[in-house]
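This note reviews the salt bridges of the model shown below.

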Amino acid sequence: MFDLPGSWVWDYWFADDGERYHLFYLYASRALQDPDARHYRASIGHAVSTDLERWTQVPDALVRSDAPAFDDLATWTGSTVRHPDGTWFMFYTGSTLAEGGKNVQRIGYATSPDLEVWTKHPGAVLEASGPWYETLADDAWHDEAFRDPWVFADPNGDGWHMYITARAPHGDPAGRGVIGHATSPNLREWTLQPPLSTPSETGFGQLEVMQVEVVDGTPVLLFSCLGDHATASRSDARGGTWAVPADSLTGPFHLDDAYPLTDETLYVGRLLQRRDDGQWLLFAFRHQDADGRFVGGVTDPMPVSWVGGRLTAAGVTVSA
């Protein structure tokens with residue numbers, strides 16, 4: 001487990017350089033006292049490991065920019081990929097406050113030759129806009145959701161895809177969460193595309209921290225959402241991390257088919273394939289204790305397998 005005694009640790013993502021695994025994570029000082037205050041104080045930390053269980057903290061990756069900037073409030077969740085020329089790209093969420101104190105999220109990136117020292121690209125490269133995506137003008141939520149970029153190479157070699165936590169501008173606000181989508185030929189210029197899912201009466205208000213992988217030959221999409229951010233039909237499912245069957249990495253995706261992979265005690269489930277034996281592993285951060293209080297800290301790896309057509313993590317039991 002990765003934890004910091006002086007800080008809360010929550011959302012995270014991985015990179016594998018072929019020799020070491022890199023953990024990038026959000027953290028904020030426990031001196032804030034209120035764990036809900038952590039979001040507006042988040043920086044992106046960095047740790048490394050050779051076995052995915054023992055981690056060594058190294059210098060931080062990114063912090064917020066000086067105002068005015070799209071990331072002058074906080075730097076939030078992202079993903080890290082390597083360009084064919086060897087350059088590492090870290091895509092991340094930049095958060096700022098609009099007039100009235102509402103949170104606006106946009107996507108930016110930084111680059112690095114070695115995963116250690118990062119240089120921010122100036123400004124955001126993507127933001128929410130109509131007609132496909134909800135903005136503050138729609139006045140349905142407390143924020144303009146456009147965050148948690150997950151970037152991966154097109155399976156057919158045609159550039160890159162980005163999946164984004166976003167909402168549609170119509171339907172029940174508790175079911176507006178959609179798979180935001182953008183494409184790029186080179187990781188630097190991005191074009192916003194229509195979402196890859198639709199709002200649903202059995203859906204979710206937000207699909208946080210998405211990831212799509214082919215696990216032992218079967219494609220699957222992961223996202224996280226708590227019951228109080230979903231439609232009534234989902235509110236009793238005790239879901240934290242959810243899995244969605246898929247035909248391929250690029251869909252189609254039917255959110256009505258989502259099933260819980262973890263309950264609300266574990267959040268932001270991430271998949272990673274271990275290098276030495278090819279075993280797929282699930283990680284998560286500890287979200288709630290038995291009394292419903294926030295915990296934080298990234299778990300040790302949990303092997304996953306397919307049972308009855310559903311992805312299942314060893315040691316994790318959750319009711320549907």
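1. Burial is judged by relative accessible area: buried means under 20%, exposed over 50%, and partly exposed in between, with a 1.4 Å probe and protein chains only. By this criterion Asp71 is buried, at 1% relative accessibility.

2. The model is predicted, so local features need pLDDT of at least 70 and side-chain atom pairs pLDDT 80 or more, whereas totals for chains, interfaces and linings use all residues. Residues are numbered from 1 along each chain as its sequence is written, and side-chain values use heavy atoms, with hydrogens and water left out.

3. Across the whole structure, 18 salt bridges are found; the term denotes a side-chain nitrogen of Lys or Arg within 4 Å of a carboxyl oxygen of Asp or Glu.

4. Asp71 pairs with Lys120 in a salt bridge, at 2.8 Å from N to O. Because Lys120 lies in strand β8 and Asp71 in the loop between β4 (56-62) and β5 (74-82), the pair ties together parts 49 residues apart in sequence. Strands are DSSP runs (E, at least two residues), numbered from the N terminus. Lys120 is partly exposed, at 26%.

5. Glu116 and Arg20 form a salt bridge whose closest N and O atoms are 3.0 Å apart. Glu116 sits in the loop between β7 (103-112) and β8 (119-120) and Arg20 in the loop between β1 (7-16) and β2 (21-29), so parts 96 residues apart in sequence are tied together. Glu116 is partly exposed at 25%, as is Arg20 at 30%.

6. One network, built from salt bridges that share partners, joins Glu134, Asp143, Arg147, Asp148, Arg167, Arg176 and Glu208.

Note on methods
Helix = DSSP H or I, 4+ residues; strand = E, 2+ residues; numbered from the N terminus.
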